[in-house]
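Visitor: I would like a close look at a single part of this structure, and then an account of how the rest is laid out around it. Please keep it plain.

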Amino acid sequence: MGGHAQLANQFVANGERAKWHDQALWFVRQKRDNISHAIPEWETLRETASQVKLHTVTHLAQYLEEFEKNAQAMGVHVHWASNAAEHNEIVLRILQQHEVKRVVKSKSMLTEECHLNPHLEAAGIEVVDTDLGERIVQLRKEPPSHIVLPAIHIKKEEVGDVFHEHLGTDAGASDPGYLTEAARQHLRENFLAADAGITGVNFGIASTGGFVVCTNEGNADLGTALPNLHIACMGIEKLIPAPEYLSLFTRLLARSATGQPITTYTSHFHGPKPGGEMHIVLVDNGRSDILGSDEFRRSLSCIRCGACMNTCPVYRRSGGHSYQATVPGPIGSILGPAHNAAAHSTLPYACSLCGSCTDVCPVKIDLHHQLLTWRKEIRVRGLLPFTKTFPMKVMAQVFQRPGLYAFGGKVARIALRLMPRWMIYNPLNGWGRQRDLPTAPRESFRDLYKKRKK
Amino acid sequence: MPRVGLFIPCYIDQFYPDVGLATLEVLERFGCDVEFPTAQTCCGQPMANTGCTTEAVPLAERMIEIFAPYEFVVAPSGSCVAMVREHYTDLLPLSNSLQEFQAKTFELCEFLTDVLKIKKIEGSFPYKVGLHQSCHGLRELRLARSSETVGDNFNKARQLLETMEGISFAELNRADECCGFGGTFAVHEEAVSCMMGNDRLADHASAGTEVLTAGDMSCLMHLDGLNQRKPKPLPVLHVAQILAGRQPVTSASTTSSEESV
């Protein structure tokens with residue numbers, strides 16, 4: 001045991017918290033079910049969105065160039081970053097050119113993936129995350145545990161503690177209304193004082209060069225309306241071909257993410273505001289490698305709704321931090337190993353292969369099949385420990401010999417019947433810590449079948 | 001008379017022989033000429049699901065060869081059938097023999113509803129049944145509509161069970177959440193696996209389940225393992241056992257064949 005299993009074990013050890021976490025996310029899954037089941041054409045929307053995304057990523061070079069040309073025509077500066085380091089350098093350079101001291105940032109998993117904040121902070125720039133959940137985890141100096149609900153692992157009492165420490169709210173206060181108002185006042189000061197706004201991008205539209213940012217708090221709008229400099233960081237897979245496809249995705253995104261009919265703010269950006277400056281940083285960071293892989297290409301269709309996390313029975317009971325990856329849950333267990341297979345080799349095994357993620361995914365990524373394919377890949381790359389490969393090798397040999405299999409089964413059943421309980425349920429028996437083994441019958445089915453035939 | 005090769009998953013063969021017998025009896029009752037080819041062992045799923053594909057390949061090849069003589073192949077397991085139908089193409093190059101094998105292999109309930117077109121199961125089962133939807137049957141074979149997807153409701157196991165006299169169903173809070181078995185997952189991610197299983201059992205307890213059943217004995221092996229450590233364990237039966245007319249034994253684990261054979 002190691003990696004995800006070890007951290008999951010620690011999470012489950014606090015039974016009450018694990019149960020609360022599971023129920024909080026299941027509530028979101030139910031909201032998603034209620035609202036998606038109200039749309040009779042839901043499955044058609046999913047299929048269409050899946051096709052549009054696949055089409056786009058398989059013509060990505062063409063659409064990226066179209067997007068760049070159209071964005072530039074609106075006066076946007078377009079930058080290309082092949083990896084996280086280049087992305088961070090580009091953003092820092094732009095900020096330094098404008099002598100920016102304070103930046104407000106709306107939620108962007110891409111900047112989390114690139115670890116932008118520490119890079120900017122090291123250069124003396126203050127970065128304030130303005131999404132409420134992200135601000136909470138930023139103040140607690142920890143990464144988000146969910147891509148849509150970054151602070152879902154934190155209880156309101158703990159938010160009260162961190163706000164008391166940083167924002168001066170009353171000690172012990174945990175009323176959500178009170179805490180939200182305190183955050184609102186605190187963020188308002190930061191919005192007014194900021195020299196630049198950074199946003200992510202939900203959808204880039206190739207035929208117009210515009211892009212769309214979806215938030216529920218309006219923080220992307222405030223963060224870009226007040227300062228004159230707007231930098232939008234965008235993964236290259238975020239493109240859609242044309243605006244007529246947008247409603248398809250906004251309908252699916254909000255319903256899948258939080259069970260809302262639409263996000264509260266769906267903000268369209270088409271070039272800089274008068275007197276302002278707008279930059280788009282297009283980031284690859286491993287995405288073209290995934291694009292080149294037949295098995296994993298479809299993972300690029302992800303619109304980061306988080307529905308696979310909310311539905312995943314393992315994620316709900318192990319928490320986002322147990323994945324030790326920017327994106328946790330089922331999609332993160334595909335993207336993580338694609339980025340660094342050795343570091344994330346246990347993630348494809350943090351899965352019972354139930355397939356709920358695949359059925360919930362609004363763009364029909366075959367998540368659980370990709371996780372299975374990753375297991376094969378991890379074995380091929382020699383990253384699967386001997387303790388996992390050895391029993392499989394032995395079993396495969398036995399299963400090729402029916403006589404040996406029947407004999408082995410008989411011996412095992414006799415042993416199980418004769419051994420005292422303490423010997424069967426020894427500390428090495430991972431099955432038996434919380435579970436009984438089945439009662440071993442005297443005769444196997446094949447024994448009974450032979451008798452019955454006579 | 002359909003000539004059926006009975007495909008009995010290895011752990012059912014070894015630990016739940018009565019589930020195999022029940023399957024055999026049900027198929028014979030509906031006029032099938034059933035044979036259990038004894039050369040069969042395991043379909044290779046444990047290896048394939050661990051990523052040990054090379055180890056699974058010879059087992060898949062054996063399966064195709066062993067079941068070649070039969071018109072149909074039927075198993076009391078959605079998971080093992082899903083392995084054959086949905087995942088053998090990941091292991092073996094496409095061939096006529098592979099495609100034939102995949103096309104003729106069925107899970108027991110779907111074989112009864114879709115191939116034999118059975119409308120009525122004779123017999124009485126006067127209990128509130130908690131039907132656990134085993135994931136591979138649900139989301140790989142589509143034996144029922146999953147709660148995530150939108151469309152008309154259907155459920156092949158329930159469709160058969162509800163024709164029995166006296167039967168009723170426990171309505172769960174989470175209709176088809178995974179039990180947490182997941183093959184080697186059950187041991188490698190023991191903490192999460194057991195929490196998932198206990199959550200299922202609690203859902204069944206509050207829904208008033210009197211007998212717990214499922215189309216896959218592997219889910220039930222895990223759930224019953226947890227169940228047996230509870231003060232009042234629920235009786236557990238495979239769907240095939242209910243269809244074959246078995247009645248629950250309430251004192252101990254009814255899935256052990258000792259009582260029923």
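In which helix of chain B is B:Asp203 found?

Guide: B:Asp203 is found in helix 11 of chain B. Before going further, note that this is a predicted model, and everything below is computed from it.

Leaving aside residues up to four places away in sequence, B:Asp203 touches B:Leu172, B:Asn173 and B:Arg174.

B:Gly208 and B:Met195 are 13 residues apart in sequence, and their C-alpha atoms are 20 Å apart in space.

Now the chain as a whole. Chain B is divided into domain 1 (3-115) and domain 2 (128-243). The centres of these two domains, taken over C-alpha atoms, are separated by 21 Å. Where they meet, 26 residues of domain 1 of chain B are in contact with 22 residues of domain 2 of chain B. On the domain 1 side, the elements that give two or more residues are helix 1 (10-15), helix 2 (17-29), helix 3 (45-50), helix 5 (78-91) and helix 7 (108-115) of chain B. Helix 5 of chain B supplies the largest share of that side, six residues. Sorted by class, that side of domain 1 has 13 nonpolar, eight polar and five charged residues.

The buried residues in helix 1 (residues 4-13) of chain A are A:His4, A:Ala5, A:Ala8, A:Phe11 and A:Val12. They cover an arc of only 120° around the axis, so they sit on the same side of helix 1 of chain A.

Taking the two chains together, 63 residues of chain A are in contact with 62 residues of chain B. On the chain A side, helix 19 (residues 386-399) gives the most, with seven residues. By class, this side of chain A has 32 nonpolar, 16 polar and 15 charged residues.

Chain A itself has 22 helices and 10 strands. Its C-alpha atoms fill a box of roughly 90 × 55 × 45 Å, taken along the principal axes. Of the 454 residues in chain A, 48% are buried. Among contacts in chain A with a separation of 6 or more, 74% are between residues 24 or more positions apart. Chain A is divided into domain 1 (4-10 + 289-380), domain 2 (39-285) and domain 3 (386-453). Between the centres of domain 1 and domain 3 of chain A there are 32 Å, taken over C-alpha atoms.

One helix pair in chain A can be described in more detail. Helix 9 (residues 156-167) and helix 10 (residues 176-193) of chain A pack at an angle of about 35°, with their axes 11 Å apart. Their crossing is left-handed. From helix 9 of chain A, the residues A:Lys156, A:Val159, A:Gly160, A:Phe163 and A:Leu167 meet A:Pro176, A:Leu179, A:Ala182 and A:His186 of helix 10 of chain A. This contact is made up of six nonpolar residues, two polar and one charged.

Two loop residues of chain A remain. A:Asn285 is not a glycine but has a positive phi of about 45°; A:Asn285 lies in the loop between strand 10 (277-283) and helix 13 (287-291) of chain A. A:Asn285 counts as partly exposed because it has 19 C-beta neighbours inside 10 Å. A:Gln324, also not a glycine, has a positive phi of about 50°. The loop holding A:Gln324 lies between helix 15 and helix 16 (329-339) of chain A. With 17 C-beta neighbours inside 10 Å, A:Gln324 counts as partly exposed.

Terms used. Residues are numbered from 1 along each chain as its sequence is written. Chains are lettered from A and ligands numbered from 1 in the order in which they are written. This is a predicted model: local features need pLDDT of at least 70, side-chain atom pairs count only at pLDDT 80 or more; totals for chains, interfaces and linings use all residues. Two residues are in contact if their C-beta atoms, placed from the backbone, lie within 7 Å. Helices (H or I, at least four residues) and strands (E, at least two) are DSSP runs, numbered from the N terminus. Ala, Val, Leu, Ile, Met, Phe, Trp, Tyr, Cys and Pro count as nonpolar, Asp, Glu, Lys and Arg as charged, and the others, Gly among them, as polar. Axes are lines fitted to C-alpha atoms, for helices over the stretch in contact, and angles run from 0 to 180 degrees between N-to-C directions. A crossing is left-handed if the near helix is turned anticlockwise from the far one by less than a right angle, and right-handed if clockwise. Domain bounds come from an automatic or database domain assignment. A residue is buried if 20 or more other C-beta atoms lie within 10 Å of its own, exposed if 12 or fewer, and partly exposed in between; C-beta atoms are placed from the backbone. The arc is that of the directions from the helix axis to the C-beta atoms.
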